[in-house]
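Please consider the model below together with its sequence. The paragraphs that follow move from the overall fold to the cores and then to individual residues.

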Amino acid sequence: MAVRGERELRELTNGDALELLGTVRFGRVVFARHALPTIRPVNHMIEDDQVIIYANLSIVPLHSDRQVVSYEADTIDHHTQLGWCVILTGTAEAVRDPDEVARYERLIDPWLPGVRRRVVRIRPDIVTGIELVEKVEVDQA
């Protein structure tokens, strides 16, 4: 078993949260399906402070454009239990421009199985992020 020191929770700025989100390529999108919250794993990239996801149509079945969704990604070390979590909420819309779709299809490296048929842009209205870090003791001397 790993030895853990004391930890503390830090709130991240929006910029820091989006920057961390850009360091991973996998997250979870939360949307309403049959009036109930549904969570699905998807691949993503960050561009201009927006999340672009590339997913199977059955995984992210947006029933209307500009649907409110949440998106979450994290990295937690299982031994030290240090890491971060970013959650954002905003509107999602299908990317319809064929040139944009083709560009995102080239840029996003999907590792989830299945045929991808939808590129979705999430414009965040709320961005929250936390980071679990080792507690730093300040010498009072």
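Helices (H or I, at least four residues) and strands (E, at least two) are DSSP runs, numbered from the N terminus. The model is predicted: local features need pLDDT of at least 70, side-chain atom pairs count only at pLDDT 80 or more, and totals for chains, interfaces and linings use all residues. Residues are numbered from 1 along each chain as its sequence is written, and side-chain values use heavy atoms, with hydrogens and water left out.

Contact means heavy atoms within 4.5 Å. Among contacts between residues at least 6 apart in sequence, 71% join residues at least 24 apart. The chain exposes about 8,800 Å², of which carbon and sulfur atoms supply 53%; accessible areas come from the Shrake-Rupley method with a 1.4 Å probe, and for residues only the protein chains shown count as cover. Of the 141 residues, 38% are buried, where buried means under 20% relative accessible area, exposed over 50%, and partly exposed in between (1.4 Å probe, protein chains only).

In soluble globular proteins, nonpolar side chains tend to be buried together. A nonpolar core is here a set of buried Ala, Val, Leu, Ile, Met, Phe, Trp, Tyr and Cys residues joined through side-chain atoms within 4.5 Å. The largest such core has 21 residues, and Leu21, Val29, Val51, Ile53, Tyr71, Leu88 and Ile122 touch the most other members. Two or more residues each come from helix H1 (14-21) and from strands E2 (26-33), E4 (50-55), E5 (67-76), E6 (83-94) and E7 (118-134). Strand E6 gives the most, with four residues. A second, separate core of eight residues includes Ile52, Tyr54, Val101 and Ile108.

How does helix H1 face the rest of the chain? Its buried residues are Ala17, Leu18 and Leu21. Seen down the axis of H1, these fall within an arc of 95 degrees, so they line one face of the helix; the arc is that of the directions from the helix axis to the C-beta atoms. Their cover includes strand E3 (36-47), E4, E5, E6 and E7.

Two further buried residues lie in strands. Met45 belongs to strand E3 and counts as buried at 12% relative accessibility. Beyond four places in sequence, the contacts of Met45 include Val51, Tyr104, Leu107 and Ile108. Met45 and Ile108 are 63 residues apart in sequence, yet their C-alpha atoms are 6.5 Å apart. Arg121, in strand E7, is buried with a relative accessible area of 9%. The side chain of Arg121 makes polar contacts with those of Gln50, at 3.1 Å, and Tyr104, at 3.5 Å. A polar contact is a pair of N or O atoms within 3.5 Å; within protein, one must be able to donate a hydrogen and the other to accept it, and residues adjacent in sequence count only if both atoms are side-chain atoms.

The backbone of two loops remains. Most residues other than glycine have a negative phi. Ala35, in the loop between E2 and E3, has a positive phi of about 70 degrees and is exposed, with a relative accessible area of 74%. Gln81, in the loop between E5 and E6, has a positive phi of about 60 degrees and is partly exposed, at 31% relative accessible area.
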